[in-house]
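Here are my notes on the structure below, as numbered points. Please read them with the coordinates open.

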Amino acid sequence: MRSIWNGAISFGLVSIPIKLVNATESRSVSFRQIHVEDGGRIRYRKVCELDGEEIGQAEIGKAYEDADGTMIPITDEDLAALPLPTAKTIEIVAFVPAGDIDPLQMDAAYYLSANGVPAAKPYTLLREALKRSDKVAVAKYALRGRERLGMLRVVDDVIAMHGLLWPDEIRAPEGVAPETPVTVREAELDLADALMATLGEVDITTLHDDYREAVEEMIAAKAAGGEGVAPPEPGEEGTGGQVIDLMAALEKSVRDAKEARGEPAEVTDIKSRPAKRTAAKKTAAKRTAAKKAPAKETAAKEAPAKGAAAKKSTAKKQPAKKQTAAARKSTSGKRSA
């Protein structure tokens, strides 16, 4: 692969000569602009708006446009004179956990290649240190005329660098979230969970650009003298801005996903989840009531038993009183005699 930048990684006092190589490439099908009437190619010419003359690349320079429209010329010498320590150096400034990097900051990706035999040892040292620390390196570097932020990590046996946007280049998501308060029901979450589980995981290397393939097939058909591809049948389009039944859409999504995986397309078990929870609550309530019921019955049984015992005890005590009274009368009678 062709390098796009040569420099060095500054790792403390260690300098590692490297070459920067693009890690990604665009596979999109590109089109040219033509004159519809005769098919002639449309080209853009760079013309000076003051004299109307077409200007070649060698005559074109840079300028900064001031607020009042004034052009302030900037030469390459002006830029080269600026104090830019990262002009030919990827300067590592810190090592942080990968989770500290917001994915919103991710930009272009590059591979860093050791430039020459002497660079192999320090390159390998940095690579293994990154592996063992389970961290990524945050670095500053300069590319295409400006200083940038980067993140170094290990991919297989290579050090890769992701360009990062500066923190102040990330816009706050103001006014993006729904402003209307929304309540999500438990049953809807259950169906969403079921859909996520049904779709499951995927080997991302198996995914491909269906649209690009369709474009290539259409171009091949036209090149062979055909009419391209037939337009889609009516009704295949999405719902757009129409209001949909969320539960019905989720249920259909689960069924379609299961059918695609060759599984039974049933979602009744998902719909019954809230009912099962209610039934469980009722069962728990019955058990609690059942536990309380024997205690009440025992108390009710004990109450009559205690009452009966009290009556018997009273009955036993009453004859004793009568016998005592009779004895007293008998004694008083004998004394009278």
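1. Overall surface. This is a predicted model. The chain exposes about 26,400 Å². Carbon and sulfur atoms supply 55% of that area. Of the 337 residues, 17% count as buried.

2. Fold content. The chain has seven helices and nine strands. Take the contacts between residues at least 6 apart in sequence: 60% of them join residues at least 24 apart.

3. Nonpolar surface patch. V182, V184 and L189 form a nonpolar patch on the surface. Together they have about 280 Å² of accessible area. V182 lies in the loop between β9 (158–164) and α3 (186–199). V182 counts as exposed because its relative accessibility is 64%, and the cut-off for exposed is over 50%.

4. A buried arginine. R148 lies in strand β8, residues 146–155. R148 is buried yet has no salt bridge. Which side chain of opposite charge is nearest to R148? That is D107, 5.1 Å away. The cut-off for a salt bridge is 4 Å. A polar atom of the R148 side chain does lie 2.9 Å from the backbone oxygen of L143. Beyond four places in sequence, R148 touches A139, K140, Y141, L143 and W166.

5. T89 and its surroundings. T89 lies in strand β5, residues 89–96. At 22% relative accessibility, T89 counts as partly exposed. Leaving aside neighbours within four places in sequence, T89 is in contact with W5, A8, S10, K140 and Y141. T89 and K140 are 51 residues apart in sequence, with their C-alpha atoms 8.2 Å apart. K140 and Y141 are also among the residues that R148 touches.

6. Salt bridges. How many salt bridges does the structure hold? There are ten. One of them joins E25 and R27, at 3.0 Å from N to O. E25 is exposed, at 61% relative accessibility. R27 is exposed too, at 52%.

7. Helical pairs. E128 and K131 form a salt bridge of 3.7 Å, N to O. Both lie in helix α2 (residues 120–133), three residues apart, about one turn of the helix. E128 is partly exposed at 35%, and K131 is partly exposed at 38%. In helix α5 (residues 246–260), D256 and K252 are four residues apart, so about one helical turn separates them. The closest N and O atoms of their salt bridge are 2.9 Å apart. D256 is partly exposed at 36%, and K252 is partly exposed at 46%.

8. Network. Salt bridges that share partners join R127, E128, K131 and D157 into one network.

Technical notes:
Residues numbered from 1 in each chain as written. Predicted model: local features only at pLDDT ≥ 70, side-chain atom pairs only at ≥ 80, totals over all residues. Heavy atoms only, no water. Helix = DSSP H or I, 4+ residues; strand = E, 2+ residues; numbered from the N terminus. Buried < 20%, exposed > 50% of the residue type's maximum accessible area, 1.4 Å probe, protein only. Contact = heavy atoms within 4.5 Å. Areas by Shrake-Rupley, 256 points an atom, 1.4 Å probe, with all protein chains shown as cover. Patch = residues over 30% accessible without salt bridge, like charges linked within 9 Å, V, L, I, M, F, W, Y side chains within 5 Å. Lys, Arg positive; Asp, Glu negative; His and termini not counted. Polar contact = N/O pair within 3.5 Å; in protein donor to acceptor, adjacent residues only side chain to side chain.
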